[in-house]
Amino acid sequence: MTIAQRSEITATLDPDNLAGSDAKICQAARVSTLGSAAAESGEASGLINYLMRDRHGSPFEHGQLSFLVEAPIFVAREFMRHRAGWSYNETSGRYRELVPVFYIPDRKRPLVQEGKPGAYTFVDGTHEQYGITRWEHEQAYRTAWSSYQRMLKAGVAKEIARDVLPVGLFTSFYATCNPRSLMHFLSLRTRVPSATFPSFPQQEIEKVAQDMEEAFAEHFPLTYIAYTNNGRVCP
Ligand SMILES: Cc1cc2nc3c(=O)[nH]c(=O)nc-3n(C[C@H](O)[C@H](O)[C@H](O)COP(=O)(O)OP(=O)(O)OC[C@H]3O[C@@H](n4cnc5c(N)ncnc54)[C@H](O)[C@@H]3O)c2cc1C
């Protein structure tokens with residue numbers, strides 16, 4: 001029985017579902033003092049920096065970024081804890097037969113946890129630890145997938161048969177947000193020691209966040225610079 005092993009976790013920006021710009025954020029802020037004339041105004045790094053620094057956050061809600069995320073279920077669970085300013089749609093295990101693509105950490109993924117909750121560090125595993133990790137993942141995945149298939153063949157509904165599948169199974173979902181909700185996500189799901197409030201996310205969700213950060217920096221460059229210059233604090 002064939003199962004696919006995957007270590008790559010991705011968030012891909014949907015360019016057809018992208019809206020807004022630094023200029024639109026400035027216009028949203030300027031309507032306060034200019035009224036409808038704000039629509040004629042352009043972007044200004046000074047204004048964006050002021051909004052970020054003084055945490056006038058609502059202008060940063062005028063924009064949209066949509067990502068197709070391909071990640072194990074455990075990453076999706078962490079991701080969907082982010083409620084404010086996010087919309088989600090995910091592959092259904094009720095309506096379709098799931099695809100046997102399973103997460104296996106690659107050799108670069110540090111395996112051993114040291115320290116205490118909130119301040120863990122991770123270091124490389126030994127050759128033996130990498131070996132057992134791969135072997136046990138593969139065994140568990142094969143066993144679970146065989147059970148799933150046997151139940152489907154016996155006529156059991158997909159929504160019941162899926163119960164046996166592990167959180168290492170890949171899922172796909174769309175996650176759509178605005179620049180403000182994305183900054184909040186990035187502040188929690190990236191590890192940047194120089195941030196005003198450093199966070200300690202799991203490496204797998206951080207990979208998703210890094211892909212999203214790259215897209216954010218490209219499409220909202222002044223906002224992104226202000227965000228990083230102000231300690232990566234979400235306004
Ligand atoms: C490193 C790390 C470890 C974590 N560990 C755990 C864990 O062990 N167990 C666990 O359960 N979760 C854990 N989480 C998840 C965490 O508790 C949050 O659920 C997640 O980070 C989403 O944050 P949020 O609620 O601020 O985001 P969002 O849901 O997007 O909310 C954004 C902001 O909106 C406001 N807001 C949203 N909803 C409400 C509300 N109902 N009432 C008032 N204000 C609201 C808050 O200001 C909030 O910060 C962890 C997260 C991180 C980053």
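I sorted the shell around the ligand by residue type: three nonpolar, three polar and three charged. The model is predicted. I listed the surrounding residues as Arg81, His82, Arg83, Ala84, His184, Leu188, Arg189, Ser199 and Phe200.

Next I checked polar atoms against ligand oxygens. Arg81 has a polar side-chain atom 2.8 Å from one. For a polar side-chain atom of Arg83, I read 2.7 Å to a ligand oxygen. Ala84 uses a polar backbone atom, 3.1 Å from an oxygen of the ligand. On its own the ligand has 940 Å² of accessible area, and the protein covers 44% of that.

I then turned to the rings. The structure holds 14 aromatic pairs. I looked up Phe79 with Phe185: the centres are 4.5 Å apart and the planes meet at 35 degrees, so I noted the pair as tilted. Phe79 sits in helix H3 and Phe185 in helix H6, 106 residues apart. Both Phe79 and Phe185 are buried. Phe102 and Trp145 make an edge-to-face pair, at 6.0 Å between centres and 80 degrees between planes. Here strand S5 supplies Phe102 and helix H4 supplies Trp145, 43 residues apart. Phe102 is buried at 0% relative accessibility. Trp145 is buried too, at 4%. I also found one aromatic cluster, formed by Phe79, Trp86, Tyr88, Phe173 and Phe185.

Arg109 lies in the loop between strands S5 and S6. Beyond its sequence neighbours within four places, Arg109 contacts Tyr103, Phe122, Tyr130, Gln202, Gln203 and Glu204.

Definitions and conventions
Residues numbered from 1 in each chain as written. Predicted model: local features only at pLDDT ≥ 70, side-chain atom pairs only at ≥ 80, totals over all residues. Heavy atoms only, no water. Helix = DSSP H or I, 4+ residues; strand = E, 2+ residues; numbered from the N terminus. Contact = heavy atoms within 4.5 Å. Near = heavy atom within 4 Å. Polar contact = N/O pair within 3.5 Å; in protein donor to acceptor, adjacent residues only side chain to side chain. Areas by Shrake-Rupley, 256 points an atom, 1.4 Å probe, with all protein chains shown as cover. Nonpolar A, V, L, I, M, F, W, Y, C, P; charged D, E, K, R; others polar. Phe/Tyr/Trp six-rings, centres within 6.5 Å; stacked < 30°, edge-to-face > 60°. Buried < 20%, exposed > 50% of the residue type's maximum accessible area, 1.4 Å probe, protein only.
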